[in-house]
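Have a look at the structure first.

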Amino acid sequence: MTDLCGGGMEGLWSIAVVLLPVWFSVMIGFIMIPAMFGLSLGVTSVYIQILVKILEWATLRIERGHREQPTLSVPAPLPFGLIQREGGSMEQEMGELRRYRTQSISRGEFALSDSFYFYIKGLESIVDDQVTQRFSSEELVSWNLLTRTNHNFHYISLRLTIIWGLGVIIRYCVLFPLRITLAIIGLTWLVIGTTLVGFLSNKRLKNWLSELVHLMCYRICARGLSATIQYHNKENKPQKGGICVANHTSPIDIVILANDGCYAMVGQSHGGLMGVIQRSMVKSCPHVWFERSEMRDRNAVTSRLRAHVAAKTNLPILIFPEGTCINNTSVMMFKKGSFEIGGTIYPVAIKYDPRFGDAFWNSAKYNMVNYLLRMMTSWAIVVNVWYLPPMTRREGEDAAQFANRVKSAIAHQGGLLDMAWDGSLKRAKVKEAFKEQQQKMYSSMVMGKKGRNSQEPHTESTRRQ
Amino acid sequence: MGSRASSLLREEEIEEIKKETGFSHSQITRLYSRFTSLDKGENGTLGREDFQRIPELAINPLGDRIINAFFPEGEDQVNFRGFMRTLAHFRPIEDNEKNKDPTASEPLNSRINKLLFAFQLYDLDRDDKISRDELLQVLRMMVGVNISDEQLGSIADRTIQEADQNGDNSISFNEFIKVLEKVDVEQKMSIRFLH
């Protein structure tokens with residue numbers, strides 16, 4: 001009995017000894033080396049094409065299933081929200097409500113029907129509001145065969161279930177180990193490579209090698225996520241001494257952008273594994289890492305960034321002015337700090353294709369490790385990156401207006417909703433000042449003042465497609 | 001491969017809510033998704049803080065009164081039935097409901113019930129009268145600090161004068177209805193669902 005076991009173990013061991021080198025040479029040969037030089041064997045694009053075909057078939061099958069069994073069908077998510085809202089300003093709406101009175105709205109006064117305006121606005125926001133949905137993952141129009149996006153879809157057919165099952169096996173048993181290995185290799189090489197480059201003294205050689213090392217690692221990491229990235233308008237790529245701003249959906253944004261160019265990262269210095277990576281990166285080229293205490297002092301932050309930008313030979317800084325991850329359906333308020341530094345701004349729009357994997361990091365629900373695991377067990381990451389023409393602050397424009405201008409440009413390019421709400425509403429309460437703004441506006445209507453600015457804060461923004 | 005959001009809502013419950021409120025099947029399931037997404041504590045009920053987390057509601061000057069309307073007297077949590085019952089007041093009036101048998105019980109979204117809902121938002125102590133004080137309180141919520149006490153007082157007095165018919169210096173529900181009889185309540189106090 002023990003002999004058999006012993007024999008079995010030996011057998012397994014010898015198999016492992018044979019397989020492991022094969023595994024590694026496959027990895028190095030087919031994935032790492034092409035990744036280093038930015039070449040592609042085309043395997044990923046074939047994979048994506050097959051996936052698209054399967055998902056299209058699945059969508060048709062589900063729709064057919066819904067038609068055959070209408071009682072089972074659950075309503076699909078609505079791209080434009082649940083309700084139709086009145087687009088008018090406070091003045092317009094109140095004016096309509098007060099039509100029954102003989103006095104005109106410019107004469108002021110109060111009407112019992114005035115409160116109806118606030119009631120309706122309040123109830124509309126309870127049924128469907130524009131902000132809270134941005135902090136959770138986008139709902140898909142049709143199921144993409146991942147359990148995690150299965151909110152509304154019932155059992156339809158055996159074939160669909162089989163495909164789903166196969167998908168689970170492929171994703172967890174084939175793709176996942178592959179991706180983990182690549183990620184580990186990528187990160188290890190980043191640490192080793194940058195440390196080695198740090199020992200060099202020749203400036204030009206150091207910079208060239210540092211760029212090479214960084215690019216290689218990010219490419220390997222991108223392979224580690226099966227990322228297919230399409231860059232548009234490469235002629236607008238961020239130049240040295242500039243500031244690159246982009247909309248923020250996940251930590252992976254950095255990998256996506258750094259695949260095509262080298263950036264100086266900005267962020268808080270962490271401890272642990274992140275800290276090791278950060279410290280070694282700094283050895284080969286200047287990144288800007290802040291201590292937690294420094295981050296609170298806005299002037300210190302701005303002056304350090306300004307110094308970095310002023311040295312025209314430094315790599316462009318990469319900043320995400322939203323300050324937090326949003327779910328890639330909209331762009332929220334850009335914090336004006338980044339736009340006070342000066343220098344040229346290179347806006348970049350990033351749009352993920354949600355069919356292949358949900359890239360949004362819901363930091364309230366998942367921690368970083370959990371999130372990365374989910375990323376590595378998705379189908380793939382398919383993303384479009386648009387480089388927009390560089391922008392600078394105009395005469396008479398303050399930082400906040402400039403920030404809004406850049407935000408609109410990015411939203412327009414990426415097909416995202418341009419919102420004025422602050423991303424920090426994810427965690428913090430909304431400022432009282434906005435309520436006071438509404439009260440002020442209403443008061444001027446009651447007092448009958450003329451010539452007021454009728455700019456409505458925080459109502460619907462136009463969605464540009 | 002079951003669904004998650006609507007599996008907690010049974011078909012019988014959906015039917016009951018349909019009968020009580022008049023919402024359609026798909027509207028009820030969508031509103032249930034909305035209810036669960038607001039329910040951060042995941043205990044099947046909403047508290048006041050769940051509503052206040054909606055930024056657009058938090059900046060509404062009458063936000064607190066609206067939130068209050070969802071909670072029955074003295075209670076702090078509202079379940080899905082209660083949620084739907086309150087929202088039902090804002091369902092648009094459909095054509096086939098307009099000429100119903102007058103002896104049948106009023107649907108929640110009838111003109112009278114919409115006006116009653118608005119009346120109760122003014123009538124803070126629920127004594128079926130809007131007193132000068134109650135009117136002042138709601139006015140104060142709407143204008144903030146921008147109008148003085150005297151001016152607000154005279155606005156309130158004028159409003160009561162216009163509406164009051166039986167001379168008790170407060171507005172009863174009937175007087176309220178009379179003042180607003182020309183307002184298109186059906187259209188203005190309704191939420192239009194896209195599906």
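In chain B of this predicted model, residues 24 or more positions apart make up 56% of the contacts with a separation of 6 or more, a contact being heavy atoms within 4.5 Å. Chain B has 12 helices and 3 strands, read as DSSP runs (H or I, at least four residues; E, at least two). Of its 195 residues, 48% are buried, meaning under 20% relative accessible area with a 1.4 Å probe, protein chains only.

Residues count from 1 along each chain as written, with chains lettered from A. Local features need pLDDT of at least 70, side-chain atom pairs 80 or more, while totals for chains, interfaces and linings use all residues, and side-chain values use heavy atoms, leaving out hydrogens and water.

α13(A) and α9(B) pack at about 115°, axes 7 Å apart, so they count as roughly perpendicular (65 to 115 degrees). Gln439(A), Tyr442(A) and Ser443(A) meet Met141(B), Met142(B) and Val143(B) there.

As for cavities (places where a 1.4 Å probe fits but cannot get out, on a 1 Å grid), there are 7 of 30 Å³ or more. Helix α6 (residues 203-223) of chain A gives the most to its lining, 4 residues; lining residues have an atom within 4 Å of a point. Among the lining residues are His214(A), Cys285(A) and His287(A).

Here are the residue classes of both sites:

| Lining of the second largest cavity | 7 residues | 4 residues | 1 residue |

Ala, Val, Leu, Ile, Met, Phe, Trp, Tyr, Cys and Pro count as nonpolar, Asp, Glu, Lys and Arg as charged, and the others, Gly among them, as polar.

Definitions and conventions:
Axes are lines fitted to C-alpha atoms, for helices over the stretch in contact, and angles run from 0 to 180 degrees between N-to-C directions. Angles under 35 degrees count as roughly parallel, over 145 as roughly antiparallel, 65 to 115 as roughly perpendicular and the rest as oblique. On a 1 Å grid over the protein atoms alone, a cavity is a set of points where a 1.4 Å probe fits but cannot get out, and a pocket is an open set with protein on both sides within 12 Å along at least five of seven lines; lining residues have an atom within 4 Å of a point. Grid points are joined across faces, edges and corners, and a volume is the space filled by probe spheres set on the points. Buried means under 20% relative accessible area, exposed over 50%, partly exposed in between (1.4 Å probe, protein chains only).
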